[in-house]
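Please open the structure in a viewer and keep the selection tool at hand.

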Amino acid sequence: MAVKVTLNPEPVAEAEREKLLEAPVFGTVFTDHMVTAVWTRAGGWEQPELGPRRPFAIQPENAVFHYGQQLFEGMKAYRGVDGALRLFRPDQNAARMNRSALRMAMPQVPEELFRESVEALVRADKNWIPGQGSLYLRPFMFADESFLGVRPADRCIFCVIAAPAGDYFKSGAAGLSVWVEQETTRAAPGGTGEAKCGGNYAGSLHAQTRAYEEGCAQVLFLSADGSGQIEELGGMNIFFVKKDGSVFTPALGTILPGITRASILALLRAEGTPVSEISYHFDELKADVAAGEIAEVFVCGTAAIIASVSRLKFDGGALEIGEPGPLAARLRATLSGIYTGAVEGPQGWSVTVSE
Ligand code: PLP
Ligand code: COI
């Protein structure tokens with residue numbers, strides 16, 4: 001299904017764009033175009049259209065405002081060392097979007113429609129990729145039906161927008177303070193924790209507010225069963241490195257199956273580093289830190305890539321992890337190299353977009 005292309009007749013002027021690209025704060029600068037595709041239960045998917053980025057005209061009774069039937073993805077395009085435009089494992093984003101869609105009772109987005117929409121936007125907005133950064137792509141889908149009954153909408157809109165991105169954290173890859181949340185939780189078994197739907201993020205903001213008050217950049221959520229099992233951050237997965245070099249991360253179930261997480265696991269397994277996906281409790285972490293067993297803690301995700309955690313703060317105390325460690329730095333360099341084609345990654349991870 002080819003994308004119908006109508007280029008923006010009034011794009012941002014080159015000089016202004018160059019200025020905006022100097023140091024874009026994550027998610028605050030947007031490109032000239034967007035892609036939209038409409039789905040109806042009766043007619044299926046209409047042809048996706050790329051056009052100037054513009055507001056949606058939506059009635060106040062639209063189901064998405066009331067029941068939050070929506071989902072999203074996050075991925076990045078890079079200008080490679082060879083000059084080519086590259087995406088990182090876009091098939092994984094397409095597949096995860098469809099798993100989210102199933103959970104949110106929304107239509108499946110054909111992988112071809114997803115890929116062609118994303119690639120058309122990258123082509124149209126390729127001048128928005130910062131020299132030292134990437135173009136963050138945000139595919140999303142929302143219910144678009146004027147109806148206040150609670151049922152899956154009969155009309156949805158799939159859309160892709162793009163935002164030039166540099167470092168997600170002001171501190172770059174270094175030394176994050178993370179708030180361990182013990183009051184609210186993010187996901188429960190059978191809930192929507194594995195889906196990338198906005199409700200999970202809305203529910204995390206109360207804790208995020210507390211985190212900011214405590215001088216922390218992010219929140220680490222624990223399991224909803226009260227046992228204190230470590231899950232993930234509001235927008236990233238987490239890894240622990242022991243002094244003996246072994247690496248572990250919370251097992252899947254109620255967390256977002258991060259593509260960066262899966263890629264790190266694959267890279268570590270390929271080089272023979274002992275790595276496991278386990279159930280790990282906050283009490284165990286406290287004991288391991290006290291015993292000097294934890295060498296590194298780092299978080300990962302598309303937006304953040306990899307960032308080291310230096311401190312975990314919680315009601316009643318703090319765990320000092322220390323300076324950013326070598327494994328996080330090495331993995332960040334490897335992944336960044338694969339993103340731009342400077343490092344050869346596993347087959348199919350770095351996908352070139354024709355211009
Ligand atoms: N966990 C949550 C809650 C996220 O929002 C993200 C970011 O997308 C991740 C983990 C990391 O996923 P990925 O590596 O696919 O970006
Ligand atoms: C991403 O990494 O793509 C996310 O959606 C997480 C969010 C912190 C921006």
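Predicted model: local features only at pLDDT ≥ 70, side-chain atom pairs only at ≥ 80, totals over all residues.

Begin with the boundary between the two domains: about 1800 Å² is buried between domain 1 and domain 2, and carbon and sulfur atoms account for 63% of that area.

**The interface from the side of domain 1**

The selection holds 23 residues of domain 1, in contact with 22 residues of domain 2. Within domain 1, highlight Phe 72, Phe 88 and Arg 96, the residues that lose the most area to domain 2; together they make up 33% of what that side buries.

Now show the secondary structure of domain 1. The side that touches domain 2 draws at least two residues from each of β5 (70-72), β6 (75-79), β7 (85-88) and α3 (90-103). Helix α3 provides the largest share, 6 residues. Coloured by residue class, this side of domain 1 shows 9 nonpolar, 6 polar and 8 charged residues.

**A salt bridge at Arg 96**

Which residue meets the side chain of Arg 96 in a salt bridge? Select Glu 73: the N to O distance is 2.8 Å. Arg 96 sits in helix α3 and Glu 73 in the loop between β5 and β6, so that this pair, 23 residues apart, links distant parts of the chain. The model as a whole contains 22 salt bridges.

**An aromatic pair**

Finally, turn to the aromatic rings, for which the count comes to 15 pairs. Select Phe 114 and Phe 158, a tilted pair with 6.1 Å from centre to centre and 40° between the planes. Because Phe 114 belongs to helix α4 (residues 111-124) and Phe 158 to strand β9 (residues 155-165), the pair ties together parts that are 44 residues apart in sequence.

Notes: Residues numbered from 1 in each chain as written. Chains lettered and ligands numbered in written order. Heavy atoms only, no water. Contact = heavy atoms within 4.5 Å. Buried area = accessible area lost by both parts, 1.4 Å probe. Helix = DSSP H or I, 4+ residues; strand = E, 2+ residues; numbered from the N terminus. Nonpolar A, V, L, I, M, F, W, Y, C, P; charged D, E, K, R; others polar. Phe/Tyr/Trp six-rings, centres within 6.5 Å; stacked < 30°, edge-to-face > 60°. Salt bridge = Lys/Arg side-chain N within 4 Å of Asp/Glu carboxyl O.
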